[in-house]
Amino acid sequence: MSLDLNLRVISANSGSNAPTTLLIHGFASSAELNWERSGWIKHLTGEGRNVALVDLPGHGSEPRTNPGSWAPSAIRAALTAAVESLDCGSVDVLGYSLGSRLGWEFAAYHPHLVRRLIMGGPASIDPLAAFALDQARAFLENGEAIADDYTAKVMQIAQAEPDTDSAALFRLIEAIKTEPYNPAAKVPTAPTLLVAGDQDDLATTMPQLRRLLTTAGTESAVAWLAGRNHANAITSRDFKLRASEFLAG
């Protein structure tokens, strides 16, 4: 059975020939949390863009829990099917956090489907590779304290959302760990914008992605958001304005 990413499309407020924008949310988030509550959908549709939203496996208010692999390659295949089902040619892609990793790989392996790529809060490494699954499970099962700071922070964020399905999140992490992130393995050819808060500890390796793009000859740009961190960069008005300027190119 193929992966179901709960695809839905929101039409632009006015007629436009602008490419559809595919939005890919981060881990322990959702299309609603990353893109609706933060004003991105209103912003993009107001500019005449149709928006395609996906909820990753185990995420969202109606989480899909398909059998089979949830590895990044399976998600990439599902994204491909979703974009092809839109019958709109290539799309612009905006991903945040885990969505940036997935966006990078999607654009790299399917260049004919991606016109432009925006990566928010990106890293050249995969933070989820270090997530301590055993500690997180022990915390949920019997209240044992989580010793690993990163794991504790992710769990705190995840539990803040009432719809969180912890078992599904753990399953996704297990699947992600089977396919380590190696951005150098294949580099996107689509023009790419890298955006992060200048207080984002997870984005300290973002310059490495820029170097990979430059070496590959891919057009790229970087934007640092003053005073923003990994949690709140997504709500930045400056982020939206930088994205609009880039997508108009």
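Predicted model: local features only at pLDDT ≥ 70, side-chain atom pairs only at ≥ 80, totals over all residues.
Biologist: Which residues of helix H8 are buried, and do they lie on the same side or on opposite sides?

Modeller: An α-helix has 3.6 residues a turn, so residues three or four places apart point the same way. In H8, which spans residues 206-216, the buried residues are Met 206, Leu 209 and Leu 213. They cover an arc of only 55° around the axis, which puts them on the same side of H8.

Biologist: Which exposed residues does the face of H8 turned away from its buried side carry?

Modeller: Exposed here requires over 50% relative accessible area. On the face of H8 turned away from its buried side, the residues that count as exposed are Arg 211, Thr 214 and Thr 215.

Biologist: Against which helix and strands do the buried residues of H8 pack?

Modeller: Packing is judged by contact, meaning heavy atoms within 4.5 Å. For the buried residues of H8, the partners are helix H4 (98-109) and strands S5 (114-120), S6 (192-197) and S7 (220-225).

Biologist: What is the phi of Gly 217, positive or negative?

Modeller: Gly 217 follows H8. The phi of Gly 217 is positive, near 85°.

Biologist: Where does Ala 28 lie, and is Ala 28 buried or exposed?

Modeller: Most residues other than glycine have a negative phi. Ala 28 has a positive phi, near 60°, and sits in the loop between strand S2 (21-24) and helix H1 (31-36). Buried means under 20% relative accessible area. Ala 28 is therefore buried, at 8%.

Biologist: And Asp 87, is that residue buried or exposed?

Modeller: Asp 87 also has a positive phi, near 55°, and belongs to the loop between helix H3 (72-86) and strand S4 (91-96). The cut-off for exposed is over 50%. Asp 87 is therefore exposed, with a relative accessible area of 69%.

Biologist: Which backbone nitrogen does the side chain of Asp 126 reach?

Modeller: Asp 126 lies in the loop between S5 and helix H5 (133-142) and counts as buried at 14% relative accessibility. Not counting residues up to four places away in sequence, Asp 126 touches Arg 101, Ile 176 and Tyr 181. At 3.1 Å, its side chain reaches the backbone nitrogen of Leu 128.

Biologist: Which helix gives the most to the lining of the largest cavity?

Modeller: The structure holds one cavity of 30 Å³ or more, and the largest cavity has about 30 Å³ of space. Its lining includes Phe 27, Phe 131 and Val 154, and by class has eight nonpolar, one polar and no charged residues. Helices H6 (149-159) and H7 (166-177) each supply at least two lining residues. The most, four residues, come from H7.

Biologist: Which element gives the largest share of the lining of the largest pocket?

Modeller: About 820 Å³ of space lies in the largest pocket. Of its 34 lining residues, the closest to the centre are Ser 97, Ile 157, Leu 202, His 230 and Ala 231. Elements H1, H4 and H6 give two or more residues to this lining. The largest share, five residues, comes from H6.

Biologist: How many charged residues does the lining of the second largest pocket have?

Modeller: The second largest pocket has about 180 Å³ of space. It is lined by 16 residues, with Ser 29, Ser 30, Gly 60, Glu 161 and Asp 163 nearest its centre. By class, four lining residues are nonpolar and seven are polar, while the charged residues number five.

Terms used: Residues numbered from 1 in each chain as written. Heavy atoms only, no water. Buried < 20%, exposed > 50% of the residue type's maximum accessible area, 1.4 Å probe, protein only. Arc of directions from axis to C-beta. 1 Å grid on protein atoms, 1.4 Å probe; cavity = no way out; pocket = protein on both sides within 12 Å on 5 of 7 lines; lining within 4 Å. Points joined across faces, edges and corners; volume = space filled by probe spheres on them. Nonpolar A, V, L, I, M, F, W, Y, C, P; charged D, E, K, R; others polar. Polar contact = N/O pair within 3.5 Å; in protein donor to acceptor, adjacent residues only side chain to side chain.
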